Amino acid sequence: MRRTVRIVWLVLIVVVAVGGTIVWGLGHKHGAEMTLRTALVQRRDLMATISATGTVEPEEVVDIGAQVAGLIKAFGKDKNGKNIDWGSPVEQGTVLAQIDDVIYRANVEAAKAQLQQAKANVISSNANVLQMQAKLVQAQQDWDRAQKLGPSEALAPSAYDQYRANYEVAKANLAVAQAAVQQAKAAVAQAQASLDSAEQNLRYCTIISPVKGIIIDRRVNIGQTVVSSLSTPSLFLIAKDLTRIQVWVSVNEADIGNIHRGQPVTFTIDAFPNQVFHGQITNIRLNATMTQNVVVYTVEVTTDNPDGKLLPYLTTNVRFVTASRHKVLVVPNAALRWQPQSNQIAPQFRPAAEGTSTAARRNPPPASAPDADAAMPRRGTVWVEQGEFVQPVSVSVGLTDGTLTEVEGPEVAEGMRVVVGEPLPQASGGPAPGASPFTPQIGRARSRAAPSESSPVGSQPGGGR
C-alpha cells in the first residue's frame, strides 16, 4: 500500500514538472516576440550644444567711492524723491550721500586767509621795491657828484668811498626787493593752490553720481565713518544700463575650441525655469584660471533685458549651440549602442551582422557633438524587429545632442521602430519575462525604469551629456 502511494506521488510530481516546463516554453516563445524595447525614428530639428554655468552681470558697473574721510551725514534723493537705497534710479549729477564737511569748510577758510596774506605780501613787496628804487636814485646822484669832485680838499677820500659804497648797496637792495616781489607772487600761487585743494575736498564731501543708472549696492549707512587712505572706500555700486545684461560663463578648456564670438547662446535661470533666454557671445577672456587642475575660460554673453527679469548675479544654465540640423531623422543614442545576442539575430543576417557588430564596437558613434564640417560621416548600425528576431540596418551617423543622434541611409525611414534595449525585470520581484517559473528568484538586480514602447523618442535613454 505504501509503495503504491509513493508511486502515485512520484507520477504527480513528474506531471507537474513536465506541465510547468511546457507552459514556460510556450510563454517564452510567445514573449520573445515582444521582449525588446523600441523607439520610433523621428524627423525633427537637432542641435548640438555645450552646457556650462554662468552668472548674470551688469554690462557696465561704476564703483562710487569716497575721496575724503569723514562721517556719513545724510543720503541724497533719487529722481522719485526717495532716499538713495538699493534699486534707486539716479541721474548723472544726483547727490548720493553727504559727508560731514565741518573740518573741510574750516580748511577752506584757513586757505582763503593764507591767500589774502600772500596777496598782501605782494603789495608790500612792490612798495618796498619803490622805496629801494628811490634810495638807489639818491645814492646814484651822490655818487655822480662825488665822481665829479674826486678825492680832493673839497671831498675827503673816506667820503668818496662812502658814496660809492652807498650806491652799490642801493643797487643790491633794489635787487633783493624785486626778488621779494617774485617770492610773494609765488606765495600767492601756492596759497591759491591750497585754497583750490581745500575747496575740492569740500566738494568731495558731496558724493555725486557720475552716470545715469541704478543703485545695485549700497555699502554704507548714515553715521558710518569712511576712511580714505591708500585705497578708496567703496560706497555705492551703480549699473549704468540693466536693459543690456551680460552672462559670465565658465567654459572648460576641452570645450573652448568650439566657442567663438557671435555664436548664439541659450540659457535658463531657476527664477524662471520655463523660460529660455537668448544671447550672443561678445568676448572670450584670455586670462584663464585653473581650478582643480582644470583650465577654465570666462566667456561673456550679451543679451537684451528690456523687462528687467534678469537680475544681477543670478546663476544661469547656459547652452552654447555648436551645430544644428533642420528636419533630420534621429534615433536615441541607445539604439546605436545596443548589440543583440547571436541567437536574437535573424538567421540570414547572422554572418553579416556579426561583422557589422564588430565594426560598430571598433567605431562607436560619438558620445558628444562631432565637428559640424566633418566630410566623412561615421557608420553605425540600428536593429529592427523581424518576428522573433532582429535584423541590422546600416546608417550614417551625423550630429548628436548627447541624447539623440542624426542618422540617414536608404533603409532607414521615419516611423521605423528601432531597438533601444533589453526588457526590464518585473518590479514586483516575480520571474522576469521569458524566465522559468521554477528558477529561484535570488539576488535579482533592479534596473532603473525606462520609457515604454509608446514613449516619444526624445525621452528614451540615450545618455546625456
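Predicted model: local features only at pLDDT ≥ 70, side-chain atom pairs only at ≥ 80, totals over all residues.
**The whole chain**

The chain has 465 residues, and buried residues make up 35% of them. Switch to a surface view: the accessible surface is about 27,300 Å², and 54% of that belongs to carbon and sulfur atoms. Contacts give another view of the chain. Among those between residues at least 6 apart in sequence, 76% join residues at least 24 apart.

**Helix H2**

Select residues 102-149, which form helix H2.

An α-helix has 3.6 residues a turn, so residues three or four places apart point the same way. Arg145 is partly exposed, because its relative accessible area of 48% falls between the limits of 20% and 50%.

**First sheet: E7-E6-E4-E9**

Next, select four strands that form an open sheet in the order E7-E6-E4-E9, with antiparallel pairing. The edge strands are E7 (206-208) and E9 (225-226), each of which pairs on one side only.

Zoom in on E4 and E6, which pair in the antiparallel sense over three bridges. Phe75 stands opposite Ala97 in E6, and Ile72 has Ile99 in E6 as its bridge partner. Then move across to E6 and E7, which run antiparallel and are joined by three bridges. Here Val95 has Ile208 of E7 as its bridge partner.

Select E5 together with E8 (residues 213-218): they pair in the antiparallel sense over two bridges. Val90 stands opposite Gly213 in E8.

**The nonpolar cores**

In soluble globular proteins, nonpolar side chains tend to be buried together. The largest nonpolar core here has 32 residues. Which of its members touch the most others? They are Leu96, Ile99, Ile207 and Phe236. The elements giving two or more residues to this core are E3, E4 (70-75), E6 (95-99), H2, helix H3 (157-204) and E10 (234-239).

Select Ile207 and show what surrounds it. Leaving aside neighbours within four places in sequence, Ile207 is in contact with Ile64, Gly65, Ala66, Thr94, Val95, Leu96, Ala97, Ile99 and Leu235. There is also a second, separate core of 20 residues, which includes Ala52, Ile256, Val301 and Phe320.

**Salt bridges along the chain**

Side chains of opposite charge can pair when their charged atoms come close. A search of the whole structure finds 13 salt bridges.

Select Lys240 and Glu60, whose side chains meet in a salt bridge at 3.6 Å, N to O. Lys240 lies in the loop between E10 and E11 (244-252), and Glu60 in the loop between E2 (42-58) and E3, so the pair ties together parts that are 180 residues apart in sequence. Are these two residues buried or partly exposed? Lys240 is partly exposed, with a relative accessible area of 33%, and Glu60 counts as partly exposed at 42%.

Next, select Glu406 and Arg325, a salt bridge whose closest N and O atoms are 3.3 Å apart. This pair links distant parts of the chain: Glu406 is in E19 (residues 404-408) and Arg325 in E16 (residues 315-332), 81 residues apart. Glu406 counts as buried because its relative accessibility is 11%, under the limit of 20%. Arg325, at 26%, counts as partly exposed.

For the last stop, select Asp63, Asp217 and Arg219, which are linked in a network of salt bridges.

Notes. Residues numbered from 1 in each chain as written. Heavy atoms only, no water. Expected span 1.5 Å × (residues − 1). Pairing = 2+ DSSP bridges. Core = buried A, V, L, I, M, F, W, Y, C linked by side-chain atoms within 4.5 Å. Buried < 20%, exposed > 50% of the residue type's maximum accessible area, 1.4 Å probe, protein only. Contact = heavy atoms within 4.5 Å. Salt bridge = Lys/Arg side-chain N within 4 Å of Asp/Glu carboxyl O. Areas by Shrake-Rupley, 256 points an atom, 1.4 Å probe, with all protein chains shown as cover.
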